[in-house]
Amino acid sequence: MLFIVTLIMDTFEEMKTMGFVDEEIDPALDLFDEIEKLKKQKNAVLLAHYYQEPDIQDVADYIGDSLGLSQQAAKTDADIIVFAGVHFMAETAKILSPNKKVLLPDLKAGCSLADSCPPHLFKKFKEQYPDHLVITYVNCTAELKALSDIVCTSSNAVQIVESLPKDQKIIFGPDKNLGRYVAKKTGRDLVLWNGACMVHEIFSREKITKLKSRYPEAKLLAHPECEDVILEMADYIGSTTGLLKYSTNSPASEFIVATESGIIHQMQKDNPFKTFIPAPPNNNCACNDCPHMKRNTLEKLYLCMKNEWPEITVPADIIVRAVKPIERMLEISASLGL
Ligand code: 13P
Ligand code: SF4
């Protein structure tokens, strides 16, 4: 009997340290202070995407879009990179800094767009176009990056395609909406993988039109992951950083925001007297939250920094192949001043 109880307790303790069981946090702790202390103690840098909860954005060392976050991950001299974002972002950081420990508060923070492109199917797709160069959007798995020639983000996809010779044949994946947008902007005929993001595909053209009649002066800001019926209506299309900059530099005072709602926190912080309205989705959901991004919480972030777990690992052979297309993207971006 004692043996069974001991075994159960040991297993429970083991699961706790691995993060499978919620660890109690002393409610008296100020998590902002604790996270700041842990950063210093462990020489850790906290990188956060704009789609994270406001609390997490406020405690981060750097907040940015996918390109900015990759650039930070490549140049940091911290020992630990804590990535408040989703799995593919933390994986990209690990590929760029393989000797550093990379932590993600919740390993289940995935991405519907990355999931829409299983590497074994993409490999077969790619084999149908042997003379094509493969450009993949950074929102994909490390295995997919390893099958690519150049990676891109929403802030450099157009410029990367334009940097290639006009007669270069190109496969673009996994996001068909971004791919269509890039094809239109560059006049290139891209072979597209049929993938999409669950958050950016749900905006309703009809509801946005109605909203525009209530706010006739409002500018519609849209991320290029949106469907083309939404992009056609947009006053400005860009990455999260692009949308944020536009909202700050524009003389307009009202904006309808067609992307994940987390970005509105920075928009509102940078522009306290402007109004930001989330673009309405097709369904009855009141918000445009990404369920993957929003898996991370301040509590999980604190525990992950304290326990240095969950940690991101990428097989060495994948790192060797995936780093080349990411570095190619960073080099092209640097040469273009992006
Ligand atoms: P950017 O922040 O690079 O625009 O990416 C948006 C996104 O969907 C990340 O998941
Ligand atoms: Fe993936 Fe879309 Fe969520 Fe970004 S917003 S992490 S693309 S599911």
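Two residues are in contact when heavy atoms lie within 4.5 Å. Among contacts in the chain between residues at least 6 apart in sequence, 64% join residues at least 24 apart. The structure is a predicted model, in which local features need pLDDT of at least 70 and side-chain atom pairs count only at pLDDT 80 or more, while totals for chains, interfaces and linings use all residues. Residues are numbered from 1 along each chain as its sequence is written, chains are lettered from A and ligands numbered from 1 in the order in which they are written, and side-chain values use heavy atoms, with hydrogens and water left out.

The overall build can be taken next. The chain holds 16 helices and 12 strands, these being DSSP runs numbered from the N terminus (helices: H or I, at least four residues; strands: E, at least two). The C-alpha trace spans about 70 × 50 × 40 Å along its principal axes. A compact globule of 338 residues would have a radius of gyration near 20 Å, and the 21 Å of this chain agrees with that; the radius is taken over C-alpha atoms, and the globule rule is 2.2 Å times the number of residues to the power 0.38. Buried residues account for 54% of the 338, where buried means under 20% relative accessible area, exposed over 50%, and partly exposed in between (1.4 Å probe, protein chains only).

A pair of aromatic rings is described by the distance of the centres and the angle of the planes. Rings of Phe, Tyr and Trp (its six-membered ring) pair if their centres lie within 6.5 Å, with planes under 30 degrees apart counted as stacked, over 60 as edge-to-face and the rest as tilted. The whole structure contains 6 aromatic pairs. In one of them, F125 and Y129 have ring centres 5.5 Å apart and planes at 65°, so this pair is edge-to-face. F125 counts as buried because its relative accessibility is 14%, whereas Y129, at 25%, is partly exposed. By contrast, F255 and F276 are stacked, at 5.3 Å centre to centre and 15° between the planes. This pair links distant parts of the chain, since F255 lies in strand β11 (residues 254-258) and F276 in strand β12 (residues 275-278), 21 residues apart. Both F255 and F276 are buried. Ring pairs also join F122, F125, Y129 and W193 into a cluster.
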